Amino acid sequence: LQRKKLDLIIANDVANTAIGFNSDDNAVTVISARRQETLSMRSKSQLARDLMIIIAEELGTHTSRTTIA
């Protein structure tokens with residue numbers, strides 16, 4: 001993160017054919033200076049909402065979670 005001057009990395013397993021491209025679902029790992037968290041398989045719409053919560057938390061603009069697990 002420091003070397004690339006990144007605040008956050010969101011990575012998914014591109015080898016898993018059940019998620020990602022050509023699928024309605026995805027699962028990712030979120031990496032920041034403060035956390036490494038895996039978001040299990042869920043709809044891409046739900047994943048987007050959950051990622052917005054995490055990004056807001058990382059920016060210090062959100063304080064409570066709803067449906068991340």
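**Briefing: sheet, helix and salt bridges in a predicted model**

Lys5 is found in the segment before β1 (8–11), where strands (E, at least two residues) and helices (H or I, at least four residues) are DSSP runs, numbered from the N terminus. This is a predicted model, in which local features need pLDDT of at least 70 and side-chain atom pairs count only at pLDDT 80 or more, whereas totals for chains, interfaces and linings use all residues. Residues are numbered from 1 along each chain as its sequence is written, and side-chain values use heavy atoms, with hydrogens and water left out.

**Positive phi values**

- Most residues other than glycine have a negative phi.
- Lys5 has a positive phi, near 60 degrees, although this residue is not glycine, and Lys5 counts as exposed because its relative accessibility is 75% (exposed means over 50% relative accessible area, buried under 20%, and partly exposed in between, with a 1.4 Å probe and protein chains only).
- Asn22, which lies in the loop between β1 and β2 (25–32), also has a phi near 60 degrees, and at 84% relative accessibility Asn22 counts as exposed.

**Sheet and helix**

- Three strands form an open sheet in the order β1-β2-β3 with antiparallel pairing, two strands being paired if DSSP finds at least two bridges between them.
- Because β1 and β3 (36–43) stand at the edges with a single partner strand each, one side of each is left without a neighbour in the sheet.
- Neighbouring strands of this sheet are turned by 20 degrees against each other on average, direction ignored; axes are lines fitted to C-alpha atoms, for helices over the stretch in contact, and angles run from 0 to 180 degrees between N-to-C directions.
- The antiparallel pairing of β1 and β2 extends over four bridges, and Ala11 stands opposite Thr29 in β2.
- Helix α1 (residues 44–59) lies across β1, β2 and β3 and runs at about 155 degrees to β3, contact meaning heavy atoms within 4.5 Å.

**Salt bridges**

- The structure holds five salt bridges, each a side-chain nitrogen of Lys or Arg within 4 Å of a carboxyl oxygen of Asp or Glu.
- Arg35 forms a salt bridge with Glu37, with the closest N and O atoms 3.1 Å apart, and both Glu37 and Arg35 are buried.
- Arg35 also forms a salt bridge with Glu57, at 3.0 Å between the closest N and O atoms, and this pair links distant parts of the chain, 22 residues apart, with Glu57 in helix α1 and Arg35 in the loop between β2 and β3.
- Arg42 forms a salt bridge with Asp50, whose closest N and O atoms are 2.4 Å apart; Arg42 counts as buried at 10% relative accessibility, and Asp50 is buried at 0%.
- Salt bridges that share partners join Arg34, Arg35, Glu37, Glu57 and Glu58 into one network.
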